Amino acid sequence: MGGLLSSDAAHLLRWTSMVTELEEVPMAIVGGLDIHRKQLTFDWVDEQNDKWERGRISPADREHLADWLRRFDPAAAGPVAFAMEGCTGWRYIAEEMGKAGVIAHLAEPAETSALRGPKRRAKTDKADAKLLRELLAAGRLPECYIPAGQVLEWRALLELYQDLRIQHTGWAQRIQAVCFHQGTTAPGQAGIIRGDRARLRAIVDEQLSISGRLQVNTALAIMDVLAEHLDRLRRRLLCTARGVKGTRALMHEIYGVGPMSSLALCAWLGGEQRFSSSRKAVRFVGLDITVHSSDGKRSPGRLSRQGPEVLRWLLFEAAKTSARSCAPGYGYYTQVKDRYDANRACLSQARRIVRHATHILTNLGDDAFTIVAQPAAPTTIAR
């Protein structure tokens, strides 16, 4: 599992693709940590005392990791730093290292793999931990941005909202498929999504088989539960977005960017010195156009889609507002639409939104995460 990104990640890491060259910083202890679900493999060196140690922490949980970190005393021994790949599980490790006074460095998995060079021997957990330690010691570790805890919470809520939306749409499509498969009168999308349940239930009772009725009624019950959770979560996200300084600035400056999209932009693009250029921000989001790659057999002219999926989805929705004649970017939108199509115009407009948002958030720095209005208590918004 180490080095393997889940969809949630796809979540939590492709989002931090900013690579920097580390400066040579004297550290008493330098180490690498390879993350797996069952164990953590470590490799660290204390050059001052000529000490080297390699081993495993099992099982891989907070309790055992915190107990292992007690052996390091940064106050007495000097700075202690560990590098780890940005795969699933890095969050709790970074949090425990912060509590122990250990400096955590997050490495971008793809860039780290490229620095491994030609494969001459079997890839093992020990070799991965050693590579991370050597790259960190040499100042060549491709660093990822580690956001604050509250920003990680915003990302998790936004990803949960998208997951629920995808499931809700999927069940609606299942109902359409069952009705079409049994040749019923077309219920129409409005009959499922917008609440015309009387017409749909009449079709179900009169034209579907027993199994078909069970399929549709089960799907409707699940959709009702999902809709309830979606409503609560949406209200919570809207309340949070309206109380953050960065999201307020984005909503005020960029046409079409509402509370949800502004919170996503702030959560994934905000931070002190997050990106050195807006072009890198576009690449991070996954809206850049690919070129031909012979090693991966990737065709050119397509989106890379290597960033946070929920941010791309919200940006596309925000870019659709440029189709309005009153929108400031309506002229640019129509030019691209006439030359290509509406989807290409929305993608182009989404890139412009990313560039504009990057400049705004860069000027704000970490101040973008400042809470300027205290949101309502979570218990009154979503349970």
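Predicted model: local features only at pLDDT ≥ 70, side-chain atom pairs only at ≥ 80, totals over all residues.
Me: Why is Phe82 called buried?
Reply: Phe82, which lies in strand 4, has a relative accessible area of 0%, and since buried means under 20%, Phe82 counts as buried.

Me: Which residues is Phe82 in contact with, leaving aside its neighbours within four places in sequence?
Reply: The contacts of Phe82 include Gly31, Gly32, Trp44, Trp68, Phe72, Met97 and Leu136. Phe82 also belongs to one aromatic cluster together with Phe42, Trp44, Trp68 and Phe72.

Me: What makes strand 4 and strand 5 a pair?
Reply: Strand 4 (residues 80–85) and strand 5 (residues 103–107) are joined by 5 bridges, and because two strands pair if there are at least two bridges between them, these strands count as paired; they run parallel. Within this pairing, Phe82 stands opposite Ala104 in strand 5. Between the two strands the chain passes through helix 4 (residues 90–100), and this β-α-β crossover is right-handed. Helix 4 lies across strand 1 (29–35), strand 2 (40–46), strand 4 and strand 5, and runs at about 175° to strand 4.

Me: How do you know that strand 2 and strand 3 pair, and in which sense do they run?
Reply: There are 7 bridges between strand 2 and strand 3, and as at least two are needed for a pair, the two strands are paired, here in the antiparallel sense. Asp43 stands opposite Arg54 in strand 3, while in the hairpin of these strands, which has 4 residues between them, Asp50 takes a positive phi near 55°.

Me: Why do strand 3 and strand 5 stand at the edges of the sheet?
Reply: The open sheet is formed by 5 strands in the order 3-2-1-4-5, with mixed pairing. Strand 3 (51–57) and strand 5 each have a single partner strand, so one side of each is left without a neighbour in the sheet. On average, neighbouring strands of this sheet are turned by 20° against each other, direction ignored.

Me: Why is the aromatic pair of Trp154 and Phe369 called edge-to-face?
Reply: The structure holds 8 aromatic pairs. In the one formed by Trp154 and Phe369, the distance is 6.3 Å centre to centre, and since rings pair if their centres lie within 6.5 Å, these two count as a pair; with 65° between the planes, and over 60 degrees counting as edge-to-face, the pair is therefore edge-to-face. Both Trp154 and Phe369 are buried.

Me: What parts does this pair tie together?
Reply: Trp154 lies in helix 7 (residues 149–181) and Phe369 in the loop between helix 16 (342–364) and helix 17 (378–381), so the pair ties together parts that are 215 residues apart in sequence.

Me: How many disulfides does the structure hold?
Reply: The structure holds 0 disulfides; a disulfide would need a pair of cysteine sulfur atoms within 2.5 Å.

Note on methods:
Residues numbered from 1 in each chain as written. Heavy atoms only, no water. Right-handed = clockwise from strand over helix to strand, strands pointing away. Axes fitted to C-alpha atoms, helices over the stretch in contact; angles between N-to-C directions. Contact = heavy atoms within 4.5 Å. Phe/Tyr/Trp six-rings, centres within 6.5 Å; stacked < 30°, edge-to-face > 60°. Buried < 20%, exposed > 50% of the residue type's maximum accessible area, 1.4 Å probe, protein only.
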